[in-house]
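This report describes a single protein chain for a reader who has the coordinates at hand. Please keep the structure open while reading, and begin with the charged side chains.

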Amino acid sequence: MEKKKQHNPNSHKLPRRDSSSNSWSELLPELLNSVFERLGFADSRRAESVCSSWYSAARRCVSKKQSPWLILLPDEDDNRNSHSCTLFNPDEKGKLYKRRDQGVEFAQSCLATYGSWLFMLDHWYNFFFLNLFTHERINLPPLESQLGATKLERISDGWFRISDDIITNDISMQSPVFWIDEQTKDYVVLWGLGKWCVVYSKKGDKFWNQIPLVYSPGYSHMVYKDHKLYYILNDFFGFFGSSSCIKIFDFSGEIPQESFQGGVTPNSSLLHPTKTRRISDRKLVVTVTGDVLKVEKWVNPMTRIWSFCVYKAMLFDLGITVLANDDIQGFKRNSIYYSIICREKNTTQICLFNLETQKMEPLHKFDCSSTQQLSRARWFLPSFTQP
């Protein structure tokens with residue numbers, strides 16, 4: 001008798017493939033890139049934790065989409081949120097992210113940004129760097145450890161004596177800037193000490209060095225890029241014309257060397273302040289290609305109409321230009337991003353000015369506890385490398 005064959009219910013199914021071929025970590029890089037390029041910040045961070053190949057793919061996509069973010073710090077009297085800050089990514093206009101660090105009060109003064117690092121100053125005038133995403137902290141030399149002609153002495157908590165003739169509890173720190181290497185943690189940090197000098201410190205220093213300045217009743221602004229310090233000294237807040245002195249210092253060696261000094265004075269009389277038009281702010285901007293621009297923000301006090309004069313897509317507050325790629329949705333090319341503080345109406349706005357259309361528009365509607373909180377908002381270029 002012929003033996004009847006038994007029916008196998010799974011005979012119609014495809015043969016099983018080796019499980020290793022179905023591993024998520026072995027997906028083609030092109031496929032991973034096409035997916036991760038569409039992810040927002042939070043989802044991208046989650047994807048990084050799956051495996052090493054996903055981590056590498058996510059970081060590649062992040063580097064391509066590097067767009068500036070905005071950090072909002074809490075008010076000093078906001079005890080509930082003092083250990084957190086709010087982050088805004090223009091590429092995800094409808095989302096806000098909150099970062100917490102129990103070891104730091106974010107209501108403290110954030111002086112400057114570089115990558116994901118903040119240059120911080122606490123209530124006792126102690127300086128330190130803080131990484132927003134890794135929570136790494138680097139302490140800096142004490143404020144009073146100055147090497148140079150200008151002497152600064154701490155005489156009590158919060159009070160200082162400057163050069164034996166001025167006692168103050170408010171150190172005039174002008175235009176602080178810094179640079180830090182993500183891998184080696186080499187750094188240079190600089191700020192203007194009132195009318196006297198520019199002070200700076202490098203990794204390994206236990207003190208602040210000084211670059212003396214010729215006294216002038218003006219306001220200085222600095223940008224640090226590619227081992228060069230770009231320094232502009234304006235006249236007295238722009239009330240007596242539009243002239244400025246620009247200096248460039250080379251920091252590539254052991255001791256900084258002045259490599260350029262010159263002035264910028266417009267020829268047109270139309271660009272001088274009048275009763276109905278005056279300079280609100282003036283800063284240096286260094287472009288991606290290394291060109292140095294002088295940018296002035298003008299305002300009509302009567303109509304509150306703002307305009308810009310550019311000498312020679314930039315971030316006015318950050319002092320640099322950022323290359324606006326087509327795949328970055330939240331940023332517009334050839335635009336100036338800046339903040340407007342109206343003390344008469346007690347309001348603050350983060351705005352952009354399109355150089356092509358000559359029009360201004362608000363960037364985003366923020367729900368802030370006060371106008372002071374928004375006025376202290378700062379741009380930064382996030383970097384998500386491992387510590």
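## Salt bridges

The count of salt bridges comes to four, where a salt bridge is a side-chain nitrogen of Lys or Arg within 4 Å of a carboxyl oxygen of Asp or Glu. The model is a predicted one, in which local features need pLDDT of at least 70 and side-chain atom pairs count only at pLDDT 80 or more, while totals for chains, interfaces and linings use all residues. Residues are numbered from 1 along each chain as its sequence is written, and side-chain values use heavy atoms, with hydrogens and water left out.

One of the pairs joins lysine 203 to aspartate 186, with 3.7 Å between the closest N and O atoms. This pair links distant parts of the chain, 17 residues apart, since lysine 203 lies in the loop between β14 (197–202) and β15 (208–212) and aspartate 186 in the loop between β12 (173–180) and β13 (187–193); helices (H or I, at least four residues) and strands (E, at least two) are DSSP runs, numbered from the N terminus. Lysine 203 is partly exposed because its relative accessible area is 45%, and aspartate 186, at 34%, also counts as partly exposed; the classes are buried under 20% relative accessible area, exposed over 50% and partly exposed in between, with a 1.4 Å probe and protein chains only.

Glutamate 153 and arginine 161 form another salt bridge, their closest N and O atoms being 3.0 Å apart. Glutamate 153 has 40% relative accessibility and so counts as partly exposed, and arginine 161 is partly exposed at 26%. Lysine 225 is bridged to aspartate 226, again with 3.0 Å between the closest N and O atoms, and aspartate 226 counts as exposed because its relative accessibility is 57%.

## The four-stranded sheet

An open sheet of four strands runs in the order β3-β2-β1-β28 with antiparallel pairing, two strands being paired if DSSP finds at least two bridges between them. The edges are held by β3 (96–100) and β28 (378–380), each of which has a single partner strand, so one side of each is left without a neighbour in the sheet. Neighbouring strands of this sheet are turned by 30° against each other on average, direction ignored, with axes taken as lines fitted to C-alpha atoms, for helices over the stretch in contact, and angles running from 0 to 180 degrees between N-to-C directions.

Strand β1 (residues 69–72) pairs with β28 in the antiparallel sense over three bridges, and isoleucine 71 stands opposite arginine 378 in β28.

## Interior and surface

The protein chain has four helices and 28 strands, and 47% of its 387 residues are buried.

The accessible surface of the protein chain comes to about 21400 Å², of which 52% belongs to carbon and sulfur atoms; accessible areas come from the Shrake-Rupley method with a 1.4 Å probe, and for residues only the protein chains shown count as cover. Leucine 28, placed in the segment before α1 (29–36), counts as exposed because its relative accessibility is 58%.
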